[in-house]
Amino acid sequence: MAKIYALLQPDGSLLAARQKGRDWVVMSELHGVEGKGKNVSVFLNGLDVLGLSANIPARNETQALRAAPFAIEDDLADAVENSHVALRALNKTDPSAPRRINVVSIDAMTGFSEQLDAFGLSEAALIAAHSVLPDTNILFEGPGVLLGRLGDRSFAVDASLGRDVVLSFLDPHPQVQVFGQHLAQAVNRTADGDGANDLEAFLLRLIEWAETGSSGIDLRQAQFAPRRSLELEGLAHWKLAGALAAVTAIAWFGTVLMETGAMNQRSTELGALSTEFARVGWPELGGDVQQVLALTQSTRLSNAQTFPSLLDVSAVLYDALAQVEDSELRTIRYDRLRGQMTATVAFKNFADVDRLTAIVNTSGLQARSGDSRQSGSRVISDLTLESAS
C-alpha cells in the first residue's frame with residue numbers, strides 16, 4: 001500500500017497525509033493503513049529528542065547501538081542508563097563517516113511507543129522532525145517550534161525562547177539558512193524561504209524533506225524495535241504451487257547454514273576458553289586440554305569430589321554469560337586443590353551478578369558470587385564455580 005506520514009499533534013491526535021499523484025493530501029483520519037501501521041511514519045515535534053553526531057567504529061549495527069551512548073556520554077544531560085539512542089542508517093559509500101544519532105529519555109520513548117500502540121500503529125516508524133532537516137546549517141520556523149541543524153547537532157526548541165537565546169545558537173555559525181519571516185526578523189537576517197504557520201503546512205514540509213533528502217532516524221531501534229511476526233500474506237496469490245516449496249527450501253537451507261556457522265563459532269570459542277583454563281590450572285601440561293581431561297577424570301580431589309570436565313564447565317559458563325546482556329569475562333583462575341574455578345566478570349549492574357549466579361546453579365554446578373564492586377560504568381564481580389555434589 002501507499003506510504004503514509006502522520007504528525008503527532010500537541011493534543012495527542014494524529015494529522016496524516018498520503019500521496020495522490022505527485023501531491024500529498026492531508027487526511028482528517030487515517031486511511032489505507034497496513035496491519036499495525038507497517039506503512040506509516042509518524043513525526044514528533046522533536047522537543048524531547050537531541051540530535052548529535054559521533055564516530056562509532058563497530059563491526060555491526062548491534063555493536064554500534066551499544067557503543068553509541070558512550071561515544072556521546074559527555075553531551076548527555078541524563079545518565080547513559082536512562083537514555084535511548086537511535087542511529088541513522090550506515091553510509092555504505094563512506095562507512096567511517098560520523099553517524100547521526102538521536103537521543104531521547106527512555107521514559108519519553110516508552111510514552112511515545114504506548115501512544116502508537118493506542119493508535120494501533122505498533123510497527124510504525126517514529127521520527128523526530130529535526131532529523132529530516134537537510135544536511136546543512138538551517139533554522140526553520142514551525143507552529144510553536146523552531147527546528148535547527150547547526151554543525152553536528154540537530155534540535156527542536158520552543159518558539160517562545162527569547163531572541164538572545166536564538167542568537168547564541170547562531171554565533172558560531174555565520175552561514176545559516178533561515179526559513180520563516182518572524183524568525184528572520186528576530187535574528188536580523190534575510191529569510192531564505194517561508195516557515196510553516198500551521199500544522200498541515202508543517203507536516204507537508206517534513207514529508208518533502210523526508211522524500212527528497214534524508215529519510216530521518218527511526219527511533220524504533222534496540223529495545224523499542226517493533227516485534228514483527230513472520231507473515232506469509234501474498235503467497236496465496238502466487239499461481240505456481242512450486243514457488244512456495246522453493247521459498248521453504250531456501251529458508252530451510254539458509255537456517256541450516258546459519259545454525260552451522262553459529263555452532264562452529266561456539267565450538268571455536270569454547271575450545272579457546274578450555275585451552276586458557278588448562279594453561280592456568282595446569283601450567284606443567286602446556287595447555288594440553290586432552291592431558292588435563294585425562295588427569296581430572298582419573299584423579300580424585302582431596303575433598304573427595306570430582307571437578308567436572310573442563311569442557312562442561314566452559315560450556316556452562318559461556319552459555320550463562322550469553323544469557324546476561326552486556327556481561328563480559330575478564331579473567332579466570334583454577335584452584336586444583338579445592339576443585340574450584342573463579343571467573344572475574346564485568347556486568348551492567350549489580351542485579352546481573354545474582355542473575356548469572358542463578359543461571360549457573362541451575363546447570364548442575366554450584367556457583368557463588370564473591371566481591372562485587374563498581375568500576376566506572378561497570379560492575380565487577382568474582383564468581384566461584386565448583387561441583388554441586
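1. Helix H5 (residues 199-212) lies across strands E1, E2, E3 and E4, and runs at about 130 degrees to E1. Please bear in mind throughout that this is a predicted model.

2. Five strands form an open sheet in the order E3-E2-E1-E4-E8, with mixed pairing. Strand E3 (23-27) and E8 are the edge strands, each pairing on one side only. On average, neighbouring strands of this sheet are turned by 25 degrees against each other, direction ignored.

3. Within this sheet, E1 and strand E2 (residues 14-20) pair in the antiparallel sense over 5 bridges. Tyr 5 has Ala 17, in E2, as its bridge partner. Helix H2 also packs on the sheet, where it touches E1, E4 and E8, and its direction makes about 135 degrees with that of E8.

4. Helix H2 (residues 106-118) has 13 residues and reaches 18 Å from its first C-alpha to its last, close to the 18 Å expected at 1.5 Å a residue. Its buried residues are Met 109, Phe 112, Ser 113 and Leu 116. Seen down the axis of H2, these buried residues fall within an arc of 100 degrees, so they line one face of the helix. An α-helix has 3.6 residues a turn, so residues three or four places apart point the same way.

5. The face of H2 turned away from the buried side carries the exposed residues Asp 107, Glu 114 and Ala 118. Just after H2, Gly 120 takes a positive phi of about 75 degrees.

6. Helix H1 (residues 61-71) has Ala 64, Ala 68 and Pro 69 as its buried residues. Seen down the axis of H1, they fall within an arc of 130 degrees, so they line one face of the helix.

7. Four strands form an open sheet in the order E13-E14-E16-E15, and the pairing is antiparallel. Strand E13 (328-335) and strand E15 (365-375) stand at the edges with a single partner strand each, so one side of each is left without a neighbour in the sheet. Neighbouring strands here are turned by 20 degrees against each other on average, direction ignored.

8. In this second sheet, 8 bridges join strand E14 (residues 340-347) to E16, and the two run antiparallel. Thr 344 has Asp 382, in E16, as its bridge partner. Helix H9 (residues 350-361) packs on the sheet, touching E14, E15 and E16; the direction of H9 makes about 170 degrees with that of E15.

9. Leaving aside residues up to four places away in sequence, Thr 384 touches Gln 340, Met 341, Thr 342, Gln 366, Ala 367 and Arg 368.

10. On confidence, the protein averages a pLDDT of 83, and 84% of the residues score at least 70. Over residues 230-238 the pLDDT is below 50, and this stretch has 5 contacts in the model beyond near neighbours in sequence. Residues 300-305 also have a pLDDT below 50, with 9 such contacts. Where pLDDT is low, the predicted coordinates should not be read in detail.

Note on methods
Residues are numbered from 1 along each chain as its sequence is written. This is a predicted model: local features need pLDDT of at least 70, side-chain atom pairs count only at pLDDT 80 or more; totals for chains, interfaces and linings use all residues. Side-chain values use heavy atoms; hydrogens and water are left out. The expected span of a helix is 1.5 Å times one less than its number of residues. Buried means under 20% relative accessible area, exposed over 50%, partly exposed in between (1.4 Å probe, protein chains only). The arc is that of the directions from the helix axis to the C-beta atoms. Two strands pair if DSSP finds at least two bridges between them. Axes are lines fitted to C-alpha atoms, for helices over the stretch in contact, and angles run from 0 to 180 degrees between N-to-C directions. Contact means heavy atoms within 4.5 Å. pLDDT is the predictor's confidence in each residue, from 0 to 100.
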